[in-house]
Protein chains: 2
Amino acid sequence: MSSEAKIEARANGQAANEAKIPRTERGRKTLRKLLDASAIEFGEKGFHEASVSSITRRAGVALGSFYTYFDSKDALFRALVADMSATVKSSARAALSEDMNALEIERAALAAFLDFAREHKEIYRIIDEAEFVDPQSYRTHYKTIGERIQARLKSAGESGEFRADLGEIEAWAIMGMNVFVGLRYAVWGDNDTGQNHSSQDIAHVVNRLLSEGVMRK
Amino acid sequence: MSSEAKIEARANGQAANEAKIPRTERGRKTLRKLLDASAIEFGEKGFHEASVSSITRRAGVALGSFYTYFDSKDALFRALVADMSATVKSSARAALSEDMNALEIERAALAAFLDFAREHKEIYRIIDEAEFVDPQSYRTHYKTIGERIQARLKSAGESGEFRADLGEIEAWAIMGMNVFVGLRYAVWGDNDTGQNHSSQDIAHVVNRLLSEGVMRK
């Protein structure tokens, strides 16, 4: 396996992007505008208060053309959750390079996710609201990320870097670590304590927990 | 510090129970019935569809007496989140004993939480809905648990069992691990894979991640 394929295998998993991809470049741009505008609208107002007309207005797209891309507000929401899953995945992958070992990959993926969440705080509200609006999308989002982490653990177990017995439970534990430090530091911010933690600092501390555990040596 | 006080200090933190405590035993029982009935109602229907009249019916309490205890459905919801925080805390503490070391305390606290979540799956939906219905309760719930874990890490650092440099970031990472394995195995269950993980098994695996980390030795 080439190094790139190795990183791919580690970073990948099975993300399913449910957004319909239009055939023309213009159509793809319009779809992108609708997804970006809906992230802001759903993030600010929540699903129930959000409206298709307000989303098309934000996107600068004619109301009528909305239905070329989506059957309903529900369909747009589902596509947005799938799109966010894909964006989380690609932003993490963009931070990885061929010379990284398995531990560095975990650190870089977390730092990239924290940077992404700082820039797109609405992702938490939208994914969390999916639990109520579209439970299947919510499950798929976390199952997909969990599978991706589990694939990385397996690959690192096979290469001899990590323990060979790491599986789904550890993958979900690592996902939970990442999601919760993201909630605390990227979304809520550091205002309570006056401390300022960079994404790199946080990723370093969490990575040390992964590499060393908690015990006094 | 006595062993009991040590466990207390480790397990405690600063949970604020916002439910008003009535003065009579009968009043306390009625309040308890309302909280238990509201957990089922909010868990099944969600906050917006839930109604005070349905909650009092479930509780076997007269509609009029509801307002002796709560000013509104919102106030009941806030009290329920605080009550659930307190119940999570006390169920974890009940699983601890004086002879446990710091690592065993983390394992036992997680196993107890997983058992609790299996019995009260509605807790996830209610806490998660608090993000939208009452963001302050949502933050307080996780801040309180995070502070409790951080206090345990500090105590174990001082006793020399854990690294002395564990702080808030590690506390939030551990909380995230626990919440996510709870979501995956206690709430969703094991049906996808056909595997069956007991709370003890899961707590053991997560505990090994804490004690050893992921590296191949």
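How many salt bridges are there between chain A and chain B? Hold on to that question while we look at the pair. Please keep in mind that this is a predicted model.

Let's start with how the two chains are arranged. Chain A superposes on chain B by a rotation of 180° with 0.0 Å of shift along the axis, at an RMSD of 0.0 Å. The two copies are therefore related as by a two-fold rotation axis. Both copies use the same surface, since 100% of the contact residues of chain A recur in chain B.

Now the interface itself. On each side we have 49 residues, those of chain A in contact with those of chain B. Together the chains bury about 4,900 Å², and carbon and sulfur atoms give 65% of that area. In chain A, the residues that lose the most area to chain B are Arg163(A), Phe180(A) and Trp188(A), together 16% of what that side buries.

Back to my opening question: the count is six salt bridges between chain A and chain B. One of them joins the side chains of Arg208(A) and Asp165(B), at 2.6 Å from N to O. There are also 20 residue pairs in polar contact across the interface.

Which elements of chain A are involved?

One last stop, away from the contacts. An unreviewed UniProt entry lists residues 51–70 of chain A as "DNA-binding region". In the model that span is 75% helix and 0% strand, and its end C-alpha atoms lie 13 Å apart.

Methods. Residues numbered from 1 in each chain as written. Chains lettered and ligands numbered in written order. Predicted model: local features only at pLDDT ≥ 70, side-chain atom pairs only at ≥ 80, totals over all residues. Heavy atoms only, no water. UniProt positions renumbered as here; feature names shortened; annotations may be inferred. Helix = DSSP H or I, 4+ residues; strand = E, 2+ residues; numbered from the N terminus. Least-squares fit on C-alpha atoms with pLDDT ≥ 70 in both. Contact = heavy atoms within 4.5 Å. Buried area = accessible area lost by both parts, 1.4 Å probe. Salt bridge = Lys/Arg side-chain N within 4 Å of Asp/Glu carboxyl O. Polar contact = N/O pair within 3.5 Å; in protein donor to acceptor, adjacent residues only side chain to side chain.
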